[in-house]
Every structure is written in structure tokens, then in C-alpha cells.
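Student: I've just opened this model and I'd like to learn how to read it. Can you walk me through a few features?

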Amino acid sequence: MAAIDKVRVLVVGDSGVGKTSLTHLIANNEALTSPGWTVGCAVEVKLHEYKEGTPSQNTFFIELWDVGGSISHKNTRGVFYNPTHGIILVHDLTNKKSHENLQRWLVEILNKDGKDVLKGGDIIDIDPEQFLGSTQIPILVIGTKLDMLDESHKNKTLNKSSTESIAEQCGADEICLNCHESRSLAAGTTDAVKLSRFFDKVIERKYYSRDTGRKYTGSYNPSLPGQYNAFGGPPQASLYSSAHSETIA
């Protein structure tokens, strides 16, 4: 049996926004009943069918790297950021600050080593060219805790279109959901389609030629930009050391 190729997707956002519940929902199609606090990084794996239902269909592993959001670990979690093939930015719909902080998460990841290069009052200017286009880092923005909004705020959130949204700035899709509802990402729903489309983009960026649409074969070739990781270097092996992943209740 041929080995199944894989990609690494970072799942980042402030502590308490629901990243662990989200990754469990995506990977297992079920709600997590007793989520804990993630220390370091926890990894969930999803089997994804690339371009399902087409002649190009192929199976891939999606590694979802749930990075702990504690401020105390800001200067050490950079070890999880390389390679990066895709990014899921997670915020709490009931906490506006968690959405504003997504810009800082992007800067932290793109800074490679994860160290805090920004001071409290620094203005963050995101360059859309870093994220737009088939050769750049695919991004998906997910707002959690939709069930905790009242009806008026829920309708406003689902129908909003703001240039201040980080999704708009990065040319990314955005999903708003309730992680405790297993049907939130049910097959065929709009949000499930957005998620599948995002995973396809992540896979295409790493494994497929943007010129021919064909999958790369053979050993790594530095002349093929699609095989480079987010920081311009070749793909690296995943870190599965227990020292990098611990979840506490």
C-alpha cells in the first residue's frame, strides 16, 4: 500500500477560544465533551479526500496542530511553526479582542521563531500579498461559540462583511460555528464546503504544480515552489515528541 502524503495546518488563537474543541470536531466529526487546556501543542489527524468526486481525487492526512495560546509560552512555541502549510485562525465570537489578536498570531507565525517582535502599542500592517495567490499560505478564519450569541448578534455576525475583518484582509474564507454541535460541519453544508476547499488549497500548495495541476513525484526538488514550506525551505518531518504535546483538564 502506498504511503499517504500529509500536510501540517496550524490552529492558533488566544487561550480559551475553543481550538481544542474545534480540532476534535474537524478530525472526528463529533463534539468534545470535556475539553482541557492545551500546554505546548496537541495534534489531531484527519483523513481528507482531495477534490473528492473528481478524477483528481486523492487521499491525504491533514495534521491539525493545536498550539496552546498561553502568553507565557509565546517565546517557545515557535518550534511548532516550521513547516507551515496552512493556518486556521480561531477567535471567540463573544470576545472582540480575540479577533483583533489574530493579526498578532499571524505576525508571530511569519516571524518563524515565534518570539514577540511587537510591543503593546505597535500598529500591525498585514501585507495581503503574503497570503493571496496559489503560492502563498492558505488561511481559514473560524469564529467559535456562535451558540452564545443572542439572535440579533448572531444574524449580524453571519451577515457581516467588513473590511476590518482579518479574513477580508487576507482573502480568506470565514466560518462561524458552535463546536459543541456535531452537525456544524456536516457533509454538504456551506461551512463543510469551505473547510474542504481550504484543505484542498493547502494540499495543492505543497504537492501540486500550479502550471500543470499535476502532483509532484519523486524526491524533493528545490526548483518546485509548491514543495517549499511557508518560510521558503523544504518540508521537514513532523514533531511527535510527547514533550511537545500535553493536555490538562
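Student: Let's start with D92: is it buried or exposed?

Tutor: The general idea is relative accessible area: under 20% is buried, over 50% is exposed, and partly exposed lies in between, using a 1.4 Å probe and protein chains only. D92 has a relative accessible area of 7%, so it is buried. Keep in mind that this is a predicted model, where local features need pLDDT of at least 70 and side-chain atom pairs count only at pLDDT 80 or more, while totals for chains, interfaces and linings use all residues. Residues are numbered from 1 along each chain as its sequence is written, and side-chain values use heavy atoms, with hydrogens and water left out.

Student: Where does D92 sit, and what does it touch?

Tutor: A strand is a DSSP run of E with at least two residues, a helix is a run of H or I with at least four, and both are numbered from the N terminus. D92 is in strand β4. Contact means heavy atoms within 4.5 Å. Leaving aside residues up to four places away in sequence, D92 touches V17, S98, T144 and K145.

Student: Which side chain does the side chain of D92 make a polar contact with?

Tutor: A polar contact is a pair of N or O atoms within 3.5 Å; within protein, one must be able to donate a hydrogen and the other to accept it, and residues adjacent in sequence count only if both atoms are side-chain atoms. Here the partner is the side chain of K145, at 3.3 Å.

Student: What about a helix? Which residues of α3 are buried?

Tutor: Helix α3 spans residues 102-110, and its buried residues are L102, Q103, W105, L106, E108 and I109. Their cover includes strands β1 (6-12), β4 (86-92) and β5 (139-144), along with helices α2 (96-100) and α5 (166-170).

Student: How many disulfides does the structure hold?

Tutor: A disulfide is a covalent bond between the sulfur atoms of two cysteines. The test used is a pair of cysteine sulfur atoms within 2.5 Å, and the structure holds 0 disulfides. As for cysteines, C170 is buried at 2% relative accessible area, and C176 is buried too, at 12%.

Student: And the whole chain: how many helices and strands, and how much is buried?

Tutor: The chain has 6 helices and 7 strands, in the order β-α-β-β-β-α-α-β-α-α-β-α-β. Buried residues make up 44% of its 249 residues. Among contacts with a separation of 6 or more, 68% join residues 24 or more positions apart.
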